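Please look over the sequence and the model shown here.

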Amino acid sequence: MSEVKEKKPSGSRKWTARILTLVVLIAIAAWMFVIGRGHTVYFDNKTLELENGESIGTLQRVDVYVNGNRVARLAKRERGMATWIGQNFKMTLEITKEKGDEPYTQEVAIDLPYSLDGIVVNLPGYLAGRSQDEWMSEFVPVASSTTEEDEEIITDEFGLGDM
Amino acid sequence: MSESVKRSGVQGKLRSFVQSFGLPRLIIAGFLLLLFIAAPMVGSDLGVQLTNTINRFSWNAILVLAMVPMVHSGCGLNFGLPLGIISGLLGATLSMEFGFSGPMSFVMAIVISTPFAILLGGGYGWLLNRIKGGEMMIATYVGFSSVSFMCMMWLLLPYHSPNMVWGLAGKGLRTTISVEGYYDKVLSSFLQIQIGTLVIPTGALLFFALLAFAMWAFLLTKTGTAMTAVGSNPTFARAAGIDIDRIRMLSVVMSTWLAAVGILVYEQGFGFVQLYMAPFNMALPAVSAILIGGATVNKATIMNVIIGTFLFQGIVTMTPTVMNNMIHMDMSEVIRIIVSNGMILYALTRKSEASR
Amino acid sequence: MNKKKFSLGEFLRGNSVPIMFILICAFCIPISGFSPTYLLNEIITRLGRNAFLILSLLIPIMAGMGLNFGMTLGAMAGEIALILVSDWQIWGIPGVVLAMIISIPFSVALGLLCGKILNMAKGREMVTSYIISYFINGVYQLVVLYMMGPIIPIAHSSIKLPRGYGIRNTVSLLNMRQCLDDLLAIRVSGVKIPVLTLIIIALMCLAIVWFRKTKLGQDMRAVGQDMDVARDAGIQVERTRIISIVISTVLAGFGMIIYLQNMGNLSTYSSHSQIGMFCIAALLVGGASVDKASIGNVFLGVILFHLMFIVAPSAGAKITGDSMIGEYFRVFVSYGVITVALVMYETKKRRAKQSLGRQLEEDQRKGEKA
């Protein structure tokens, strides 16, 4: 908080203190970059078509828990989503494979790639133990062309918004 | 400006010219010149551009003129201009409410706004006399408070004219009221001259000239010189037996009244009466216009008003079209904010003038 | 302060603004019909939201530079930092911390500029800082509206305007919404208390108390009392004044980030425009004046001012049948309070000057006689 205002101590000590503060701030900033990156994770309960023509079928029902909260209850061909800060994504799945099966739970930990904002995880593919690039893909938001008109910028010098 | 250009040699002349005119003003004037040169090149009609500039000049010049008396009496820049504007708005709405129409409504608007201007200006002047030295900040907030107070009043006052109130509720004034059928273009269309695409609103310019001349003449009278004395050298003025408070009060009332008339002239050109928060924005452009024209915090002439209003309005009207045609980006609003406030900052930070 | 003899009249005069506000609130609360729980909840939310911002005003007052209308500069720095951070998709508390760190260089640069300009305009700091805030607002718009996109890379179309440059009117901060407030938050019979935010505010208060006692803080107070005397005492007046503005700007930047994480979205072009006015009004409502403000004033001010802010619209609507009346009323009161405070300050200053002059005159006369 109190950068660049150390007092009195002789020149070199003052500068060391300043540089030290600066380094610490930059270090904290860098650390925040690492731990604060947010991702949106989408999970699909959809048939996964592989390149070699193979396909992995859907699950009857999957309940997805993140941080103890159920974020999605997926029937066949459904998609759910959750937000996550950091790269070591963890969730708990409660899986019913076929109709009438007893559901079982499974802890799942996925390393999210830093560069992706939205990540789609195909659950059947993941649970079948396929390689990562087969069940993980980037989520590309569909630009809804109808709403993409230029909005008018209101630069009202005296805009009286609510506090 | 021209009196000081007496040194020999072109260079000396130039230097003293730059000094007296001020670098920022030269830059702004150069910028405007550039815009006028660029306008035909990017394909916009120079006549139309000039017409717009002159039109806007005629709407705004009196609001800028309203700065002069207070600067002269040492009250600084009148950031409390909205107070005068409110008197004008009261005049305008009451004149319409009482059923006047056509040119008569304009005259009556001025007549009705006068007592309000004297009353509000008097109170404002009394306040400013109690806080000598801190006028500008308090003026700003007097303006703001009065505008927000009037926001309530516009809703509560018993206006009934169907041309002005909200249609559904039948009470409360609308935010913008058209002056069509009242005094729309009443001055601008008077003796209007048209040369090709260039249209000159002679009447409005004449009206401004009349007021400007009256102001100039007033400043030469005994009271006028006393006013200048109060502003430039209060100790001397007191020694000469001038009632400083009375003179300052007079200057504030004059400024307020001019602002009231100024807003009416603005409305006749613009075509609408704008109520509620609209007067809020109006002090800063007027302040920066007169400063661009070469005025300082405690010195202003009629010439400053004319040059300043022309330069300021020129930039305001020219930048959008020229910019749009050149780079397809409308940066005019941003440029206006930076130029006008930068100019005020420049004036406020001049060392020589910070003596008071 | 005047412990010698407690006089009611003096107390009333010295605290006229807070007393007036207590009366307004006492009048409006029953009419507005809000439940005490609701009001308490709102007040605590707004306390957490605004107190830090208002604390940033204290240091320039200490240095005799009046109400720092230039705190808007810090707010803008904070907003730029938040825009960048939300484009980089740094969420939650790390996002807030990162935004704070990023805002520092912007705030320091703007604060230095502001301090330098104010040093050139001694004696009219307030009106100058007020115009600076408009001027920098223009620069801010230039940066955010035209430079973000082509010059400063902005990746996400949820932030960027469809035309390819410039930032949208609102930037969603949903991913860091109330993350400070919710961590460690406790609920006491329906009232949510944002403990962490309050702890941060309390730490800031302690820091200010501590700062007053440091050498720099003492210097600032000396400069605030009398610049010439301070200069004679070997204090670098200009430097001290600049530092006070820089600190204020940096704190305002932090305050704005705290404010916006609570709001959960950022109005790119208007969030900052009124923030200075409301913060100053709140501080003055708390009984501060242009040359004297304490931490107590901050808290009393937030509570009273925002109580008025909450109840006025609905009370106004109930009385007049028009909801806009109350809206305008609270705006009017905000401006009115600042006006009254400024007038009181100037008259006091003038009276002090006059009595000083009279004393000088008397001394002179005595000297002549002798």
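## Helices α12 and α14 of chain B

In this predicted model, α12(B) passes α14(B) in a left-handed crossing, a crossing being left-handed if the near helix is turned anticlockwise from the far one by less than a right angle, and right-handed if clockwise. The two helices, α12 (residues 283-292) and α14 (residues 332-348) of chain B, pack at an angle of about 60° with their axes 9 Å apart; axes are lines fitted to C-alpha atoms, for helices over the stretch in contact, and angles run from 0 to 180 degrees between N-to-C directions. α12(B) and α14(B) are therefore oblique to each other, since angles under 35 degrees count as roughly parallel, over 145 as roughly antiparallel, 65 to 115 as roughly perpendicular and the rest as oblique.

On the α12(B) side the contact is made by L284(B), P285(B), V287(B), S288(B), L291(B) and I292(B), and on the α14(B) side by S340(B), N341(B), M343(B), I344(B) and A347(B); two residues are in contact if their C-beta atoms, placed from the backbone, lie within 7 Å. By class, this contact of α12(B) with α14(B) has eight nonpolar, three polar and no charged residues (Ala, Val, Leu, Ile, Met, Phe, Trp, Tyr, Cys and Pro count as nonpolar, Asp, Glu, Lys and Arg as charged, and the others, Gly among them, as polar).

## Where chain B meets chain C

Between these chains, 33 residues of chain B are in contact with 38 residues of chain C. On the side of chain B that touches chain C, α6 (102-130), α7 and α14 each supply at least two residues, and α7(B) gives the most, with 14 residues. That side of chain B has 22 nonpolar, eight polar and three charged residues.

## Domains of chain A

The domain assignment of chain A gives domain 1 (1-36) and domain 2 (38-140), with bounds that come from an automatic or database domain assignment. The C-alpha centres of these two domains of chain A lie 43 Å apart.

## Conventions

Residues are numbered from 1 along each chain as its sequence is written, while chains are lettered from A and ligands numbered from 1 in the order in which they are written. Because the model is predicted, local features need pLDDT of at least 70 and side-chain atom pairs count only at pLDDT 80 or more, whereas totals for chains, interfaces and linings use all residues. Helices (H or I, at least four residues) and strands (E, at least two) are DSSP runs, numbered from the N terminus.
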